[in-house]
Amino acid sequence: MLKKIPKWNVVLLTTLLAEIIIFGLINPRFWNINILLNSFNDFVGIAIIAFFVTFVIITGGIDISGGSIIGLTSVVTGLLAQVYGLNIWVAALLAVLVGGLCGLLNGILIAYSKVQAMVITLGGMLLYSGIALVLVGFSGASTYEGISGFSQEFINLANGNLLGIPHSVIVFVVMLLIAYVLLHWTRYGRYIYLTGINQNSAEYSGINTRKIITSTYVLSGLSAGIAGIILTSYLGSSRADFGAEYLMPILTAVVLGGTLITGGKGGVVGTALASIIIGFLKLGLQMGGVQTQYIGLATGMLLIISVAFMGGQKFKLNVRRLLNLKKDRGGNLNA
Amino acid sequence: MAHIKEVKDMSKVKSMTKQREFRTLVFLVLLFVIVGLVNADFISSGNILNATKNSLLYIVLAVGMTFVLLTGEIDISIGAVLGLSASVSGVILRDGGSIFLAVIIAIMIGGVIGLINGLGVTKLKISSFIMTLGMLEIVRVTQVMFTNGKWVENLPENFKHISRMNMFGINVLTIIVILAVILIHFYLSNSRKGRYFAAIGDNEDGAVLIGIPVNRYKVIAFVISGVLASIAGLIFASQIGFISTTAGLGIEMTVIAAAVLGGVSLRGGIGSVIGAAIGAIIMSSINSALVFLKVPAFWNSAISGSLLIIIVVADALIARRANNRTRKERLNARILNYKEEV
């Protein structure tokens, strides 16, 4: 049974436990379970996008437009509910669908025109955040203050709790379960891995890889839409620049979670653990008295070091080679 | 026979890359003409010079990015390098240091960060996207630590004057940058070592087999990108006159978009610095074009995003169709030859 758990996930779990112990020793308040559970609010958006960006990266693509889809869905919700007077839940549902449409556009362009995913989602990133700004511009709302005045029920979506467990934790777990079942228990999940390992051979074995690739972007767009709704509810207002700084943490969570950036290998459990690690790291550093603006240093280092380690056993070899740089003239085929 | 065909194919590929830059240039001209039809002030020589001057920053960054993209890697950290070197040299200048010292320090900062990026990518085998993304965050925090989160202001007048100097009515920096772009273009397209960059990106294993020191040239590409990013930081400081903590925030995405618009492929091996420079002018001109068209500024990002997608997808479709046609021609030729032989 133990053998079935990937090694990297064990490493992540150990890191997480070590983190909780160390930060708790620095500031005992860190061990307060309520504070830990409530801190999920700060990274649940990052985590649920990261789950489905994991899908995208396993197929060998990349999706950097998630952050701007958050802003777009947030604005769409705000406009539909507050300016056009639609029922808030209908508005939220429509906004999630808009997120899915954005993902669909990304996916179709990537799968059928075979342009690099990075370029298309970069264009998408500019486009979707641009559309959000345009919508705000037309509605006449102030870009800075955004649209606020949501009903208490909607605010409760992210801020309430069920039997003492914050809603954000529940959303986290539910989305994790959905992603886990899709990726690891269904045929669809196997197809995603196959597409990432070798698209041509997947194509020859009768898998419609284009459809698979498109669907992963749709899922990623939908999850970004859900994250947008949660963030809007959590902060109680909708603004176009929500999620603008999410690009880095999302990719950090996916990559730290053990998913290969070149595709074909990875899993959502790792992503979930990694996003909790990053979230708790931020919380712990803040509680330890580190200013918020310095936390990027820690996450940046974490990203680089973890990827360097995941190079596997080659890491030691690589470090040794780095040390005697002069001997290596570069270009070893077996490197 | 096969040899001749190869040569023919080579010239075909060559003419196609030329077409790509040509298409970008046509697009730039069209942009100016169309906006000029609506508002004639836009195509006045004064405004065109102004537009070039405003895009200098992007051109310099895009040239550096092209080096890295040609080798098949990517450099996300340039925005932070720009910010850090601009604020360090800004502080030196503000505290009465010489311009020479400030320039040297800035270039060293860019070079060292580029070197770290390059070594991480080639020696530790970290994917360049991840490596430079992490570096972006680290360098940005370093800048905040260095400046204590404050703006660097009160730069000396003689430094700010550099960006305003004119020669024959044209900005001196513009002339220098344009000449440099042309020189670099000839280096990359005609010199033996310059061609290494594209060769590595086109086929890395092949480049190794013919004896190109692949890792060294990748590191060099990252160092060049870092150094050019810090030069862009100096230009930024000189043109704007102060450095905020968010200087260059998100500029890397605009620069990648500019390079891609100019026909540089993210897969590596294809592209030229002239194309990237034209792409950079387009990206920065969209801004001022909107002002002249009296379109509200909030349209900016939506328009540049959709332009990027449309142009890149259209280009890919055109290229694929051309590829299919050549493949068909080759196939037909082979069949005809075979029949003749029989």
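These legends accompany close-up views of a predicted model. Local features need pLDDT of at least 70, side-chain atom pairs count only at pLDDT 80 or more, and totals for chains, interfaces and linings use all residues. Residues are numbered from 1 along each chain as its sequence is written, chains are lettered from A and ligands numbered from 1 in the order in which they are written, and side-chain values use heavy atoms, with hydrogens and water left out.

**View 1. Chain A has 15 helices and four strands.** Helices (H or I, at least four residues) and strands (E, at least two) are DSSP runs, numbered from the N terminus. Chain A holds 335 residues, and 53% of them are buried. Buried means under 20% relative accessible area, exposed over 50%, partly exposed in between (1.4 Å probe, protein chains only). Of the chain A contacts (heavy atoms within 4.5 Å) between residues at least 6 apart in sequence, 76% join residues at least 24 apart.

**View 2. The largest nonpolar core has 201 residues.** Such a core is a set of buried Ala, Val, Leu, Ile, Met, Phe, Trp, Tyr and Cys residues joined through side-chain atoms within 4.5 Å. A:Phe51, A:Ile64, A:Phe172 and B:Phe129 touch the most other members. Helix 3 (residues 40-58) of chain A gives the most, with 15 residues. Beyond its neighbours within four places in sequence, A:Phe51 contacts A:Phe172, A:Met175, A:Leu176, A:Ala179, A:Val268, A:Thr271 and A:Ala272.

**View 3. Chain B meets chain A through 45 residues from chain B and 52 residues from chain A.** The buried area is about 4,300 Å², with 78% from carbon and sulfur atoms. This is the accessible area (1.4 Å probe) that two parts lose on being put together, summed over both. On the chain B side, the elements giving two or more residues include helix 5 (128-147), helix 10 (214-240) and helix 13 (300-341).

**View 4. A:Arg239 and A:Asp241 form a salt bridge.** The term means a side-chain nitrogen of Lys or Arg within 4 Å of a carboxyl oxygen of Asp or Glu. Their closest N and O atoms are 2.7 Å apart. A:Arg239 is partly exposed at 22% relative accessible area. A:Asp241 is also partly exposed, at 38%.

**View 5. B:Glu73, B:Glu204 and B:Lys218 are linked in a salt-bridge network.** B:Glu204 and B:Lys218 meet at 3.0 Å, N to O. B:Glu204 lies in helix 9 and B:Lys218 in helix 10 of chain B, 14 residues apart. B:Glu204 is partly exposed at 34%, whereas B:Lys218 is buried at 5%.
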